[in-house]
Each structure stands twice: as structure tokens, then as C-alpha cells.
Amino acid sequence: MPPFSISDVRLSAVAAAVPAHQVRNGDLDLLSEPEGAAFVKAVGINARRVAPPEICASDLCVAAARRILQVAGVRPEGIGVLVFVTQTPDYHLPGNSMLAQRRLGLPASTYLLDVNQGCAGYVYGLASVASLMSAARIGKGLLLVGDTITRLLSARDRSTLPIFSDAGSATLLERTSAAHPMHFNLGSDGEGADVIYVRGGGAREPFGPESLRMCEEENKVVRAPIHLSMRGMDVLHYTLKYVAPNIKELLAFANADTDTPDYYVLHQANHILNQCLLRRLGIAPEKAPETLLDYGNTSCATIPVTLCRRLGKELAQGEKALVLSGFGAGFSWGSAFISGESILCPELLEIHDPGEC
Amino acid sequence: MIDVRTFIHNLEGHLSSPVPGGLETGTRLRDLPDWDSLKALIVVASFDWDYGVTISADEYAGAETIRDLYALVSQRIPQ
């Protein structure tokens, strides 16, 4: 679809939460010392957050949502729409949006929607919430975006285990005639459906003994159909093929040039990929903050984690122009150009146990 | 048009561990000791970084030697 704008909704607050448990890639047996050093240099990930079994995506997102309602001074009954983006829902059904509604005490009239999207999910979620709010004249909406993607990893797969990490987020949007337009540019190429993939455990290949059968794909890449697989070279190829033109097209649509945005908050896929993308677009690396080193690739939550961890104070102080860009499973991609008033961004929350959610 | 020696020199610069005896046009990267998918990713990313050329995973897999990679990349370098 062509780029589009929503002119009466603003992004007013973002919060993110990570599990307190940190795992250092240097402690993994999968990587020798030289391999580990090469990995950190190229991929840029030193440590990751891993949720214990009792913490799910809904817990992390609800903790972030409670924080955001508190700092923004918004009561739960004022929320008219909630969209929950995750690929690691607590249950096959019902969706996480229902679980979050109950725990947050949102009214029965709330429009609830669950979205199965990966690393492009934050931008897809923003576009969905903003569109619904604008079309149905809803005053306030919540976007919850998060994954416990480490649940899907094989402990013997070095192509995924040192990369992925867990996080959840909550974003508050408000309808106001004083909003600056939010511009979106979204796309997908289903030919890349198996680039980032969990084959087993769904309706096509239901869970059974075969789902757990481990198979050595290559040296130190051993996994079962129930585990997440990723072809890194294809991710690089799809990203450079689609995301760089997508951001250029978005900037042109917003009547902006490359220098206009104060920051480019890119999905934190891996360092080398993001550096290639920035170079293609002619963007200075200091305009694209990273959180890969300490938080890894938190799937759909990398953009809100980076907003809170790296830009929180600046966004709270005054108006900034931002390009947000996510890309990944699908293969899907989406970018948003956002400007306007300050954004409330409380410090990243660290969750020790579900009682804090 | 980049010459093959410069192509190899650039490639060596991106690989963090030196290759014993250096790379040659007939070198098969995947046969090098300790070669892995991360090094392959670095090589493919370096083509974008150095020349603005992307190649797909299938194209990489179809290139047997450095000579093949050079042929693939050099013809796509924007003039």
C-alpha cells in the first residue's frame, strides 16, 4: 500500500520492561573465545535478557502499561482500543489482548485486537492503533508490543541463541486536533515467509514427538521443528532490498530529507546489518542509537526499548522528529515518521518476578 | 571496475582472523578452517559496504570460489 498519514493522533508516552535475568554471550559454550569476540564485533550483542518460565510477554507488557498509565495520569476506563503485538502469546487462545484488558481493568467496550507480527510489529501496531483511533474517533489507545522469543530458541543453535532476548512495551496514543501528522510506510513480501520461521507446533504441523526431534543443520546449529530458525544472510538481503527504499519513500512522503529526523530508531537486528542500512541511506551512525550490546534483539520490542533506554530524557524534554523502522519475520517491514510534542519515556523497567506486573 | 587483487585485499580486511597463506582467486571460502555462517554474513555485508552491491543467499551459495564471487559482485558495481 502507498504511504499514508494519520493527522489527529499523537504518540504521547512509551514504557518498556525487560526481565532482570541477564545472560552474557561470553558464558555460552556454543561460542569459542575467538568466535565470541568476532560475534560481538560483527553482531554487536554482548548480553541478553531471558525471562524465567513464570514471566510471559503479557507480564512484561502489563508492567509497562501500568507504568505508562501512571506517568501519563490516564485512568484505565479512558482506554478505547488495545492492540497486542506478539509472536509468543501466553496461550494459543484467547489472545494476549484479552489477558491484558482483564489485568489492566479496561472497560468492556474496549476494542481489542491481537497481531501476529515480528520485528516490524511495533510500527504495524502503531499504524493499527492510530488508524482505529482516527476512524472511530477514540480518545485514547494502548499498544502493547512484546515477546519472550527466547522460549523458541534451541540451546544448541548458535545462529539464534546469542541473538534473541526478551522484552515488553506499552505505548499510549491520544487523539487530539493539535497532533502533528504521523506518516507510515508499510510493506511485506511473503516470498520470505521461511526466512525467520517456526515450522512445528501450529495447525500445519501439530505438536508431537517429531516437533522435538533435534537435527544438525550445520556445525553448532542443532534444532527441532519447534524452535525458531533464521537465515541471517537472507535477512540482510531482504532488509537492504526493501527497508532502505522504504525509508527513502517515507521521508519523501513526509516532505523531509535525510537530515530532518533527529533520530532514526531502527529495529535492533544486528550491528553489521544496521550499519549497512545507515550507510545506504547516508545517515550518520550517531543519529541511530543502539541497544544491541546489552539488550540484544528483543524482536518486536527493540524500538520501544531503544526509545526508553537511549532517548528517554531527550524525548521528555522537547519536540523531536523520529523515524522508527522495523523489519523481520514475514518478511515484513514498516517505517513511521513522528514529530510533535514531547514524549513521556520513563526509565526501562526491570522485572524480577511476576508479582511486579 | 575494481581489480581482483583489490577485491581480495578488501575481503581480507573484513575477516577478523587472518587466513593462512592469504586468499587466492581459487580459494573456496567455505572450505577454510573455522568457516561459519557469521563469516559468510560478514563477507556478504562487506559487498554492500564496499561496493553497494547486494547478493542473495542463493547467489552466495552458488559461488564456489573467490573468483566466482568477484565475477558476481564486480558486474553489479554501480558505475
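This report describes a sheet, a pair of helices and a chain contact in a predicted model.

Residues are numbered from 1 along each chain as its sequence is written, and chains are lettered from A, with ligands numbered from 1, in the order in which they are written. Local features need pLDDT of at least 70, side-chain atom pairs count only at pLDDT 80 or more, and totals for chains, interfaces and linings use all residues.

**The sheet**

Chain A has an open sheet of 6 strands in the order β6-β5-β7-β8-β2-β17, with mixed pairing. Strands (E, at least two residues) and helices (H or I, at least four) are DSSP runs, numbered from the N terminus. Two strands pair if DSSP finds at least two bridges between them. β6 (111–115) and β17 (349–351) of chain A are the edge strands; each has a single partner strand, so one side of each lacks a neighbour in the sheet. On average, neighbouring strands are turned by 20° against each other, direction ignored.

Two pairings are listed here.

| Strand pair | Bridges | Direction |
|---|---|---|
| β2(A) and β17(A) | 3 bridges | parallel |
| β5(A) and β6(A) | 5 bridges | parallel |

A:Ala17 has A:Leu349 in β17(A) as its bridge partner, and A:Leu82 has A:Leu112 in β6(A). From β5(A) the chain crosses through α3(A) to β6(A), in a right-handed β-α-β crossover (with the strands pointing away from the viewer, the path from the first strand over the helix to the second runs clockwise).

**The helix pair**

Helix α2 (residues 57–72) and helix α3 (residues 96–104) of chain A pack at an angle of about 45°, with their axes 10 Å apart. Axes are lines fitted to C-alpha atoms, for helices over the stretch in contact, and angles run from 0 to 180 degrees between N-to-C directions. The angle makes α2(A) oblique to α3(A); angles under 35 degrees count as roughly parallel, over 145 as roughly antiparallel, 65 to 115 as roughly perpendicular and the rest as oblique.

Residues are in contact if their C-beta atoms, placed from the backbone, lie within 7 Å. Among those making the helix contact are A:Cys61 and A:Val62 of α2(A) and A:Leu99 and A:Arg103 of α3(A).

**The chain contact**

Chain A gives 20 residues to the contact and chain B gives 16 residues. On the side of chain A that touches chain B, α1 (33–43), α5 (232–253) and α6 (271–281) of chain A each supply at least two residues. The largest share, 7 residues, comes from α5(A).

Notes:
Two residues are in contact if their C-beta atoms, placed from the backbone, lie within 7 Å.
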